[in-house]
Amino acid sequence: MKIRVHVSLKPGVLDPQGRAVHHALEGLGFSGVEDVRVGRLIELDVADDTGDAALDEMCEKLLANTVIENYRIEKVG
Amino acid sequence: MAFRAAVITFPGSNCDRDMAVAIEKVSGIAPIRVWHGDAHLPEDLDFIALPGGFSYGDYLRSGAMAANSPIMRSVKRRAERGVPVLGVCNGFQVLTEAGLLPGALMRNASQNFICRTVALSVENNQSLFTAGYDSGQTIDIPVAHHDGNYFADDNTLDRLEGDGRVAFRYVENCNGSRRDIAGVLNAAGNVLGMMPHPERAVDPAHGGTDGLALFENAIKALAEA
């Protein structure tokens with residue numbers, strides 16, 4: 001089973017990387033970009049019987065730092 | 001009984017030797033060097049230091065991999081039993097990732113790696129690590145980091161400040177840290193994490209000796225205990 005874990009900074013947490021990328025986009029002449037947030041995509045290939053609780057635990061314990069990050073688990077198939 | 005300290009080395013640690021030299025300079029006894037893959041810490045440790053560096057190449061997040069390495073389970077148990085633990089720079093990142101200290105260390109607000117000596121103010125001089133300083137004293141300690149931007153939510157920050165757990169603040173905020181925080185203590189006061197490097201300020205040849213009092217006070221207090 002293929003899983004994608006999307007990790008993103010929580011709303012309200014300052015994202016210096018996103019701000020720098022935003023600035024760079026403007027520098028390239030792209031207008032109308034309101035905001036940029038940089039996150040992380042982690043792809044996992046796990047046994048088909050891996051439960052949701054185990055996936056959550058993986059995110060909570062290692063893949064995301066829940067002090068500053070949210071995560072979203074997507075089952076790709 | 002002789003003072004026993006341990007310095008933990010992870011793959012990618014690069015301040016472990018400096019830390020060991022600082023501890024030996026003050027205590028007269030070379031600390032035990034412990035490798036990250038070791039399952040157990042030596043018995044009867046008086047002091048544990050997590051050094052700076054780039055453990056595991058900062059994969060995933062700074063300190064995240066090291067926080068889950070085998071030796072950290074032992075470090076957590078010792079910390080819970082009251083053994084003093086000092087985490088500097090990457091060591092601070094490891095302590096937050098391991099849940100031994102609150103908050104997280106994010107990319108510097110400027111996006112730049114910062115490597116220079118900065119002024120810190122001593123906010124709490126009642127802890128084992130800071131009692132050698134005066135409250136409000138300004139000390140000069142080098143920083144060298146890319147991810148030193150301390151973040152915690154407002155409630156956590158209020159609690160830390162209310163409980164006197166902010167050990168050091170930057171006199172001039174160099175990295176975007178919330179409320180200028182440079183170092184924090186755990187609730188029991190036996191775990192200190194800080195981004196600046198006191199072990200790089202213990203010899204006149206370093207350009208300053210303001211870090212010496214941190215080691216002297218902690219080690220003297222432990223040796224007398």
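In chain B, helix H1 (residues 16-27) packs against helix H6 (residues 212-224) at an angle of about 55°, and their axes lie 9 Å apart. This makes H1(B) oblique to H6(B), where angles under 35 degrees count as roughly parallel, over 145 as roughly antiparallel, 65 to 115 as roughly perpendicular and the rest as oblique. The axes are lines fitted to C-alpha atoms, for helices over the stretch in contact, and the angles run from 0 to 180 degrees between N-to-C directions. Helices (H or I, at least four residues) and strands (E, at least two) are DSSP runs, numbered from the N terminus.

This is a predicted model, in which local features need pLDDT of at least 70 and side-chain atom pairs count only at pLDDT 80 or more, while totals for chains, interfaces and linings use all residues. Residues are numbered from 1 along each chain as its sequence is written, and chains are lettered from A and ligands numbered from 1 in the order in which they are written.

Returning to the helix pair, B:Ala22, B:Ile23, B:Val26 and B:Ser27 of H1(B) meet B:Phe215, B:Glu216 and B:Ile219 of H6(B), contact being counted if the C-beta atoms of two residues, placed from the backbone, lie within 7 Å. By class, this contact has 5 nonpolar, 1 polar and 1 charged residues, with Ala, Val, Leu, Ile, Met, Phe, Trp, Tyr, Cys and Pro counted as nonpolar, Asp, Glu, Lys and Arg as charged, and the others, Gly among them, as polar.

Chain B also contains paired strands. Strand E3 (residues 47-50) of chain B pairs in the parallel sense with strand E1 (residues 5-9) over 3 bridges, and B:Ala49 in E3(B) is the bridge partner of B:Val7; two strands pair if DSSP finds at least two bridges between them. E3(B) also pairs in the parallel sense with strand E4 (residues 85-88) of chain B, over 3 bridges, and here B:Leu50 stands opposite B:Gly87 of E4(B). In a regular strand the side chains alternate between the two faces of the sheet. In E3(B), B:Phe47 and B:Ala49 point one way, whereas B:Ile48 and B:Leu50 point the other way, and all are buried; a residue is buried if 20 or more other C-beta atoms lie within 10 Å of its own, exposed if 12 or fewer, and partly exposed in between.

In the loop between E3 and helix H2 (64-67) of chain B lies B:Tyr56, which has a positive phi of about 55° although it is not a glycine. B:Tyr56 counts as buried because it has 21 C-beta neighbours inside 10 Å. B:Arg179, in the loop between strand E9 (166-170) and strand E10 (181-185) of chain B, likewise has a positive phi, near 55°, but with 15 C-beta neighbours inside 10 Å B:Arg179 counts as partly exposed.

In chain A, 3 strands form an open sheet in the order E2-E1-E3, with antiparallel pairing. Its edge strands are E2 (40-45) and E3 (69-75), each of which pairs on one side only, and the twist averages 20° from one strand to the next. Strand E1 (residues 2-9) of chain A pairs with E3(A) over 7 bridges in the antiparallel sense, and A:Ile3 stands opposite A:Lys75 in E3(A).

The contact of the two chains takes 13 residues from chain B and 9 residues from chain A. On the side of chain B that touches chain A, the residues divide into 5 nonpolar, 5 polar and 3 charged.
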